[in-house]
Every structure is written in structure tokens, then in C-alpha cells.
Amino acid sequence: MDTLRASWLGRIADAADEQALEGARLGALGKKGEVSLMMRELGKMTPEQRQQAGPALNALKDELNSALAARRAALSDAALAERLRTEWLDVSLAPRPRAMGTIHPVSQVTEEVAAIFADMGFGVAEGPQIESDWYNFDALNMPSHHSARAEMDTFYMARGEGDDRAPHVLRTHTSPVQIRTLQDRGAPIRIIAPGRVYRSDFDQTHTPMFHQVEGLAIDRDISMANLKWVLEEFFAAFFEVEGVETRFRASHFPFTEPSAEVDIRCSWKDGTLKVGEGDGWLEVLGSGMVHPKVLAAAGIDPNEWQGFAFGMGIDRIAMLKYGIPDLRAFFDADLRWLRHYGFAALDVPTMRGGLSA
Ligand code: PHE
């Protein structure tokens, strides 16, 4: 029995892998294993013999089982150690750069604009881009014969045969949102309405789709002075300068009376634009006191309410802020070129998830 024990313990200890170990287990304790066969012999023994051999065999069986378990554990530890040694990752290696999306500069500037006006109590309103020509023109004091309609290079929606819905256009400006919001919410009101607008026009400073932000403030005694203050506050905050002087030039829009085009003071030095200083002027928006007919069209009593409106090109002021020369680049180019102009995209945590830091 002792030689038997020594030989099996030896085989178990020497088993180099799982397979050899399983071979040893079957050889000793399997159905036809050496130790199992000897246990079967117990039945043929006399009770005295059995009393001696039985416990000895059982003890041997237990000993072999624990030797098997110990060896199995040792083998799997060794296997793990081997894997850890061979399969490793150099986590100190610099990650490969990945192409990463960012917010479009126009969206970013729209958010900046909205944040600045929010500080002055202006909410954000929206309207449809496919607009009825009543909202885009008539309600804004541009009846169908009005020459301003032609000047706006309007895209008209095609009309199917038998379609008798009111004519629709791609809105040429954000001003129809003035009417919609006044109808919905009434006066007093203070809103901006940023969004896409469309005109059939294409050159270095015009794209068929561009962005405007409308401003509208209606109350009992709003004046042009309020408009001037609001705009100067806005430009100082937007261009991140102490103050920006504005120049109001008398102008004409059918939906405002009086009307003014507004310029901001600026200078060109060595090919770079500086807003807020110098002796140049840059036109940035159209504005005026909302025409009584416009208020009336929106269901607001012009004898009780008055206020200002303005319309500003978002792409335009983005180009000024970041010194970008060609508007078309905003919409048909890889935006990475904007870095060249010092444009830093907003750091948006949700857009960084899972990407290399
Ligand atoms: N809607 C005008 C435009 O697109 C701008 C404007 C808005 C002018 C509001 C006055 C008041 O040119």
C-alpha cells in the first residue's frame, strides 16, 4: 500500500498539465482505477481483513483526492501567471489620435448669443423654416405687390396641381417669428429667435442658407434708446471687449418705423479685424421700432404696446468674431480649418465620452 501511495502521489505531483493530472486521477480513482479496484476487493475479504484494509484505503483515497485538488490549483495558478506574463498591455503607450466631432461654430455662436440675451431677460422662440407667405411677408407689412418681396430672392415652394393651400416660401428672414410669438404669447414680450433662413444668393459673403437671430421687445414704453443699450451690451459681451460703439443709420424696412441699420466700430490692422476700436464701421444688423401695422397683424393693440425689433446675421458676427473671410467655408468645408482662425470649440462633456482625452 505504501508503494502504491508513493507512486500515485508522485504521478500527481509530476503532472505537467490538466490532461496529465486527469490521467493520474482516472488511473487511481477512476471506475477502473487501481485504488477503486482494490476497494472493490474489500467485499471478498474476511471481516478482520476488511477492518484493516478498509480505513487504510479510504484514507489513501482522501489523500489522493486532496493531492489532486492541490495540484489542480497549482496548475491553474501557473497558467494564470503565464498568461499574465505573455498577454500584457502597455497602458503607458500614447493613444492613437481619433477624429472627433465638435459643435459647429454657427451652433456655438447661436448658443453664445442666446446666453447673452438670456442675461437681459430675453427668451428663445422658434418658427418653421417653410413659412406661409402671409407670415413671411403680408403680416410684416409687405403686401403682395411690395417690391421688398422681389428684393429678398425668395425660394417659393413648388405647388402640386390642385393644391390650393396658401402659398409657402422658405422663410427669407426670422421676422415671421415676431408675428407667431406675439400671436401665441401676446405682449409684453422679450424674445430672440435664432434660426435658418434662405435666399437665392451665393458668393463670398452669401450662401443660399444662412442664419439670423431676430430680437423683439414689446412693452408699454420701449424705445430706440432701449434698443441701443441692449445692442451695445450684447456686442461688448459677444466680442469680449469693454464696450462697442454703435452707429445707427436711418434705413427702411416695411416692418419697422423708424428703421435703422446698425454699424459697430472696428479697425483693420495688419489684416486682422478689431471690434470696438479704430475708425472703421461694420454693418451688422437691421432694426427699428415695430410698425403699428405689424403689431395689429399679430393681434396686438398698437395704441397700448410698442417696442423694437432687430435682425442680425449669426454667420456674419461669427465671421467677425473669429476673423473668417469666406462664409461658404462654414457650410461646405471641413471645419478643422477653423482652428487656424483660433476658433476653439466649446468643451462639451457629452461629446468626450469614450474618446481619448
Ligand atoms: N428681417 C430683416 C432682414 O432680414 C432684418 C430686420 C429685422 C430689420 C427686424 C428690422 C427689424 O433683412
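**Notes on the model**

1. Asn136 is buried, because its relative accessibility is 0% (buried means under 20% relative accessible area, exposed over 50%, partly exposed in between, with a 1.4 Å probe and protein chains only). Asn136 belongs to helix α6, residues 133-136. Helices (H or I, at least four residues) and strands (E, at least two) are DSSP runs, numbered from the N terminus. Setting aside neighbours within four places in sequence, Asn136 contacts Glu131, Met142, Val169, Arg171, Thr172, His173 and Pro176; contact means heavy atoms within 4.5 Å.

2. On the basis of the model: it is predicted, so local features need pLDDT of at least 70, side-chain atom pairs count only at pLDDT 80 or more, and totals for chains, interfaces and linings use all residues. Residues are numbered from 1 along each chain as its sequence is written, and side-chain values use heavy atoms, with hydrogens and water left out.

3. Now the ligand. Which residues come nearest to the ligand? They are His173, Ser175, Arg199, Gln212 and Gly311, out of 14 residues around the ligand (a residue is near a molecule or strand if one of its heavy atoms lies within 4 Å of it). His173 is also one of the contacts of Asn136.

4. An N or O atom in the His173 side chain is 2.9 Å from a ligand nitrogen. Arg199 places a polar side-chain atom 2.9 Å from a ligand oxygen. For Gln212, a side-chain N or O atom is 2.9 Å from an oxygen atom of the ligand. The ligand on its own has 320 Å² of accessible area, and the protein covers 92% of it (Shrake-Rupley method, 1.4 Å probe; for residues, only the protein chains shown count as cover).

5. His211 sits in strand β5, residues 209-219. Its relative accessible area is 10%, so His211 is buried. Beyond neighbours within four places in sequence, His211 contacts Val106, Gly195, Arg196, Met312, Gly313, Ile314, Asp315 and Phe331.

6. Leu227 is part of helix α9, residues 224-238. It counts as buried because its relative accessibility is 0%. Its contacts, not counting residues up to four places away in sequence, are Phe248, Ser287, Gly288, Phe308 and Phe310. Phe308 and Phe310 also belong to an aromatic cluster, together with Phe117, Phe122, Phe234, Phe235, Phe238 and Phe239.

7. The structure has 10 aromatic pairs. Rings of Phe, Tyr and Trp (its six-membered ring) pair if their centres lie within 6.5 Å; planes under 30 degrees apart count as stacked, over 60 as edge-to-face and the rest as tilted. Trp134 and Tyr135 are edge-to-face, because their ring centres are 5.0 Å apart and their planes stand at 85°. Phe253 and Phe255 are stacked, because their centres are 5.8 Å apart and their planes are at 25°. Trp134 is partly exposed at 34% relative accessibility, Tyr135 is buried at 16%, and Phe255 is buried at 10%.

8. Two charges sit over rings (NZ of Lys or CZ of Arg within 6 Å of the ring centre and within 35 degrees of the ring normal). The charged end of Arg220 is over Trp305, 4.3 Å from the ring centre. The charged end of Lys321 is over Phe238, 4.6 Å from the ring centre.

9. Some backbone geometry deserves a look. Most residues other than glycine have a negative phi, and most peptide bonds are trans. The Ala187 to Pro188 bond is cis, with omega about -5°; Pro188 is in the loop between α8 (176-185) and β4 (189-198). Glu257 to Pro258 is cis too, omega near -5°, and Pro258 lies in strand β7, residues 256-269.

10. Asp153, not a glycine, has a positive phi of about 50°. Asp153 is in the loop between α7 (147-151) and β3 (168-170) and is partly exposed at 31%. Glu240 has a positive phi near 55°. Glu240 lies in the loop between α9 and β6 (246-253) and is exposed, with a relative accessible area of 63%.

Notes:
A polar contact is a pair of N or O atoms within 3.5 Å; within protein, one must be able to donate a hydrogen and the other to accept it, and residues adjacent in sequence count only if both atoms are side-chain atoms.
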